[in-house]
Amino acid sequence: MRGRKKVAMHIELRGITKCFGALRANDDISFAVPSSSIHGILGENGAGKSTLMKILSGFYSPDSGDILLDGKKVRIASPADAIRHGIGMLHQDPLDFPPLKVIDDFILGSRGNLIPNYKNATREFRELADRFGFSIDPESYVDMLTVGERQQLEILRLLWLGARALILDEPTTGISLPQKEKLFATLKKLASEGMTILFVSHKLEDVEALCNRVSVLRQGKLVGSMDPPFETGALVEMMFGKEIALEPKAQLRFGSNVLHIKHVDLEGIRIQIKGLDLQVRAGEVIGLAGMEGSGQTLFLGACAGLAQPVGGSFCLDEDEKDMTGRTYHEFRKHGVAYLPAARLEQALVPGLTLTEHFILSEGMKGLFIDRKKAEALAKSRIQAFNIKGRPDSTVESLSGGNQQRALLALMRDPLKLILVEHPTRGLDIESTIYIWNKLKERCARGTSIIFISADLDEILKYSDRVLVFFAGRVSPPLEARTLSVERLGRLIGGKDWETLEMEAAHA
Amino acid sequence: MRDNRATRLLFQVAAILFALIVTTGVLFLAKAQPFAAYKYIVLGALGSWDVVTNVLVSWVPLLLATSGLLVTFTVGLWNIGIEGQITLGAIFTTWAMRLMEQSGWNPTLILILAVLAGMLGGALWAMLAGALKTFGGVNEIFGGLGLNFVATALNIWLIFGPWKRPGVASMSGTIPFDRSLWMPIAQGSSRLTPATLVMAIIGILVVYAMIEGTYFGLRLKAVGKNARSAHILGIPTWQYMMSSFAVCGIFAGVAGAVQVTAVYHRLIPSISSGYGYLGLMVAMLVGYRASLAAPVALFFAALNVGSIQLPIVLKLDSSLAGVLQGTLVLFVILGQGVRSRILKKTKVKS
């Protein structure tokens, strides 16, 4: 059987660098992973973990730097090339084929015969599955499997193709606890048989429970590595940077309720939120912290009517107008604005000019476009928001910071509630400060803001209260004044939730 | 390479050259004299006032179909069902004509009502494709193709069933209308109908003004370029998609009505004459810009009419025009693809 070939690989990365435009996603990263070990890669979103793993598995090629397998320099040109070298990657979303039978999916990647030998393949599939105690029927269909089983299928497939090193990207998201335990047992068994394993995660406890060594990435750089016993505090510090002393925040007086969320249940693709309660008062800023995909985006979308809750209700204003089940357009009419993170994909229309955007967002009426009026409007907004662009500039020609300013300029006035995903992601300091000044101006006039950010400093600096999301669990609102970066980091990584619940019970 | 007018023109000229080379190759394979063939096409399209009027007769429905398609392309939809929409326009027109034939009303009034009925038929058929897309999740290409077959079947059934000629049903269609109910023909011409020419010209002007100058057109553009952002900006996207289907269906319906009232004066099995598909090609060739639609549609109509006499003089099939049109569109689109790839590369390098 192919899986029983020589199973040992020493992986070494030397000075891997990869840039996307001005962004250095990986900056001179070097480390080595010996065979028979499980190496954890920790880091927050955008730290460069996925880029690095995609380089190793042939999705990207590095701008500079070398990959050495068993001491030999190799060039990995494609994912197929990677598996030929013995590197298999298990993606966060399984790259399988739901409409196929398990056995068809299993043999898809194999090279060689024109006509697949089902008898042999089924036998080998069963042998492999037995070895790890997986119970998957090769004749069932992939879309009948749970996420955990699909993962198991992927592992079997990669082993069968001759993988000697496995990369797992966030493998514990969306699988049940018993499946997670089985996965960990499998990985440990594989490592004991000589397999090299790279385990990418942002969950501290998983990494601590499984890995022989952990490397931490931050902003594209390798900031450090640690051997067991792991020190959670030190890992958090490496992931998020040193704690920065914050200026004390002026305690604002908040007005009446703007948004009242009553026991809301939400269901996303791989995430569920149950029984969320929250009251947002006029002028208040709520920060949503958590790793990407922990439920924040789902929640924020539901606040704008972009996703519908399966239980509970959303009410707007003092008079508790029930908006549950209403569309986004109705939320918008009632003074709710939504600013997505993917500016050019979800918020702006590439190919149209700034003037045209202002026409669209203002909802100007009539048959023929009043160009003069539109241009005057565009000019005044461009000036008011200090956008570096002309009325006839297309939005994609603007820099990220100016696109974000344009998004703010497109918001109508007055507004009750502004929902923002990553208000300053990828922006320079000047734009960041400018954006928040503009948002704070709105707050002073009674608008509430709920925002998502991966930047803990931003969360702590600008929020009045913070909700932490972890795998669909939502913390009670925490006063930002009482939080530290370290505590927040631990909560985001899934630590300390028991004490949080105890505190909530006593409060 | 720079991104400017000159390089764009260069690629377009190259595309025309390549299309000619390929077509010439096809002609060699068919053991024909390419230059003779091209000469006869030019003569066949421009040789006399009579053939020029034939080109114009062909131009009208093609330009109408193209105009409608520009609207659906603007909102990002591939309305391949336009063939069926033309057919339904023709069917509704014929139906209206049959109802009013014996009424003794003013012929002008009857013709106006018949064209309006055609608009209604095209619009309904288009909105059916739109509803399938919006509420049924059926891609407009598949829905449109399916509806095309249904429209053809319906047409054939009518011609051979309820509307068949007295005595024996025939592939030559229903019984022609009385001459008084034909679209008025220009003096000194055998087929040219000024009224339909005016309709086509007004049509393309309306579409141009709609896309370039109205709030409606701007919102269509926004939905077409990025439906998600358009939704966030407050545009009800599905309503705009449905409206664009309806507008395109109206234009297709007029094209069908023109075919019935001004060209064939009856309903025939192939009443849409492939103008829908040809319109798709014209729209692609002009890069979905309304300003170029009229001349390019005229060129395509000239190719169609010019190649009609090829079978007679050169024993070649008249589908040669289709070969030339098809390869032309292919090479223009290929040129755009190659060009944007090269532009991307030079951008990365710099």
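Helix H9 of chain A (residues 296-303) is largely enclosed by the rest of the structure, because 7 of its 8 residues are buried. Buried means that 20 or more other C-beta atoms lie within 10 Å of a residue's own; exposed means 12 or fewer, and partly exposed falls in between, with C-beta atoms placed from the backbone. Helices are DSSP runs (H or I, at least four residues), numbered from the N terminus. The buried residues of H9(A) are A:Gln296, A:Thr297, A:Leu298, A:Phe299, A:Leu300, A:Ala302 and A:Cys303. Just after H9(A) comes A:Gly305, with a positive phi of about 80 degrees.

This is a predicted model: local features need pLDDT of at least 70, side-chain atom pairs count only at pLDDT 80 or more, and totals for chains, interfaces and linings use all residues. Residues are numbered from 1 along each chain as its sequence is written, and chains are lettered from A and ligands numbered from 1 in the order in which they are written.

Next, the domains of chain A. Their bounds come from an automatic or database domain assignment.

| Domain of chain A | Residues |
|---|---|
| domain 1 | 2-240 |
| domain 2 | 244-335 + 413-507 |
| domain 3 | 344-411 |

The C-alpha centres of domain 1 and domain 3 of chain A lie 44 Å apart.

Chain A also touches chain B. The contact takes 23 residues from chain A and 18 residues from chain B. Two residues are in contact if their C-beta atoms, placed from the backbone, lie within 7 Å. On the side of chain A, the elements giving two or more residues are helix H10 (328-333), helix H11 (343-347) and helix H12 (354-362). H12(A) gives the most, with 4 residues. By class, this side has 14 nonpolar, 6 polar and 3 charged residues. Nonpolar covers Ala, Val, Leu, Ile, Met, Phe, Trp, Tyr, Cys and Pro; charged covers Asp, Glu, Lys and Arg; the others, Gly among them, are polar.

Within chain B, two helices cross. The axes of helix H5 (residues 107-136) and helix H10 (residues 237-264) of chain B come within 6 Å and cross at roughly 140 degrees. Axes are lines fitted to C-alpha atoms, for helices over the stretch in contact, and angles run from 0 to 180 degrees between N-to-C directions. The contact of H5(B) with H10(B) has 20 nonpolar, 9 polar and no charged residues.

Finally, B:Tyr38 lies in helix H2 (residues 34-46) of chain B. B:Tyr38 counts as partly exposed, because it has 17 C-beta neighbours inside 10 Å. The C-alpha atoms of B:Tyr38 and B:Leu303 are separated by 9.7 Å, although these residues are 265 residues apart along the chain.
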